[in-house]
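User: I would like to learn how to read packing features in a model, one feature at a time. Could we go through them together, with the general idea before each case?

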Amino acid sequence: MGRWVVYFLFLSMLIFLYGEDSYSSRQKLGQIKEKAKKADPQSLNIAILEGEKTEFDQIKKAIETAPFLARTRLVILENTILFGKKNLKEKLAEFLKDNKIPKTSIVIFWERGTPEKKDLLFKILLKKADQSEDFVLFFGFQLNYWIKEEVKNQGGKIDQEAAGLLAAYVGSNLWQMACEIEKLILYKKNDKLSIIKKDDVEKLVVAQLDTRIFNFIDAISAKNKKRALTLLHSQLAAGESEIYLLAMITYQFRNMILVLDLMSRGANQFQISKEAKIHPYVVKKITWNINKFNILRLREIYKKLLKIDINLKRTIQSPALSLDMLVCELCK
């Protein structure tokens, strides 16, 4: 966490967090909220608003309300650029442009992804924010380093070869990666050496890609609702979390979009693997399913997955129900 986060609670500030690595940006947001809660245990001066479901007047009121028995008030606006209404974004852009944030308020805009550069509110935030950070996805050495640090933070150990293989199989989806690491550590818990090896990754991670994700997507592409629901419920019954399963499904559809786009430009599997930074094994499996979708359908599905992912993390509706509804919708 940067130094600016450590000290910002004593200052008025506009902060902008966004980027494809939503896991890291969410962690940073969580650290800021925890620090605010230490100063305000009852959260009397903390407001969290979702851009998709909030009107401008509500946001304006939250920002302009004076803090109660405190120096500052924290207002967090989530996914306002990605999912907010056009009218809302236009009013917010004007509000920020005119510097109407009171000195007693700290406002954070958090986006689960990277907004379009041409979006007016995005441009205003980049210009007006006291601190902004673009959380880019980790690849290569950076991803391997993150894996080793995350394993260490979770109380485990992993060798270099296993870390590299885990990076190849899972890629840059840190939501999924954190769950895979937790699973590997639990698996090695009773091992005297407890060091995660290449064989452990192959046994626990690759097998799941085969039996869970690709078979599930096969069922979706064939519009076989019964089989897709059966595969989904078998994993839930086995103890897998809904957020973990959704993260894997979302990551796979993201990869399918990348692969289809590169295939349309004449790239072969080796070139796709290098350009998209996806392991050759995964590219090969994706190409078996890719002809069952077009790019517009894949993008539509990916957008729906992101929305459901946001709702799950905010516990807006039952996780299991959300996934069931997703399967029914995709199999129409």
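Predicted model: local features only at pLDDT ≥ 70, side-chain atom pairs only at ≥ 80, totals over all residues.

User: How should I read the geometry of an aromatic pair, and what is the geometry of the rings of F16 and F122?

Analyst: A pair of aromatic rings is described by the distance of the centres and the angle of the planes. For F16 and F122 the ring centres are 5.8 Å apart and the planes stand at 70°, so the pair is edge-to-face, given that planes over 60 degrees apart count as such.

User: Which residues form one aromatic cluster with F16?

Analyst: The cluster consists of F16, Y18 and F122. When the whole structure is searched, six aromatic pairs are found.

User: How is the pair of Y23 and W146 arranged, and which helices do these two residues lie in?

Analyst: The pair of Y23 and W146 is edge-to-face, with 5.8 Å from centre to centre and 85° between the planes. Y23 is part of helix α2 (residues 22–39), whereas W146 is part of helix α7 (residues 140–153), so this pair ties together parts that lie 123 residues apart in sequence. Y23 is buried, with a relative accessible area of 10%, and W146 is buried too, with a value of 12%.

User: Which ring does the charged end of R26 sit over?

Analyst: The charged end of R26 sits over the ring of W110, at 4.4 Å from the centre of that ring.

User: How do I read a nonpolar core, and which residues touch the most other members in the largest one?

Analyst: The idea is to look for buried nonpolar residues that are joined through their side-chain atoms. The largest such core has 38 residues, of which F216, I220, F253, M256, F293, L298 and V327 touch the most other members. At least two residues of this core come from each of α10 (198–221), α11 (225–237), α12 (242–264), α13 (269–276), α14 (280–289), α15 (295–313) and α16 (319–330). The greatest contribution is that of α12, with eleven residues. There is also a second, separate core of 25 residues, which includes L174, I185, V205 and A247.

User: How do α12 and α13 pack against each other?

Analyst: Two packed helices are described by the angle between their axes and the distance between the axes. In the case of α12 and α13, the angle is about 130° and the axes are 10 Å apart, which makes α12 oblique to α13. Their crossing is right-handed.

User: What angle do the axes of α8 and α9 make where they cross?

Analyst: The axes of helix α8 (residues 160–170) and helix α9 (residues 174–187) cross at roughly 135° and come within 11 Å. This makes α8 oblique to α9, and the crossing of α8 and α9 is right-handed.

User: Finally, what is the phi of L69, and where is L69 found?

Analyst: L69 has a positive phi of about 50° although it is not a glycine, and it is found in the loop between α3 and β3. L69 is exposed, with a relative accessible area of 78%. N99, likewise not a glycine, has a positive phi of about 55°. N99 lies in the loop between α5 (86–97) and β4 (105–110) and is exposed, with a relative accessible area of 56%.

Note on methods
Residues numbered from 1 in each chain as written. Heavy atoms only, no water. Core = buried A, V, L, I, M, F, W, Y, C linked by side-chain atoms within 4.5 Å. Buried < 20%, exposed > 50% of the residue type's maximum accessible area, 1.4 Å probe, protein only. Helix = DSSP H or I, 4+ residues; strand = E, 2+ residues; numbered from the N terminus. Phe/Tyr/Trp six-rings, centres within 6.5 Å; stacked < 30°, edge-to-face > 60°. Lys NZ or Arg CZ within 6 Å of the ring centre and 35° of its normal. Axes fitted to C-alpha atoms, helices over the stretch in contact; angles between N-to-C directions. Parallel < 35°, antiparallel > 145°, perpendicular 65-115°, else oblique. Left-handed = near helix turned anticlockwise from the far one by under 90°.
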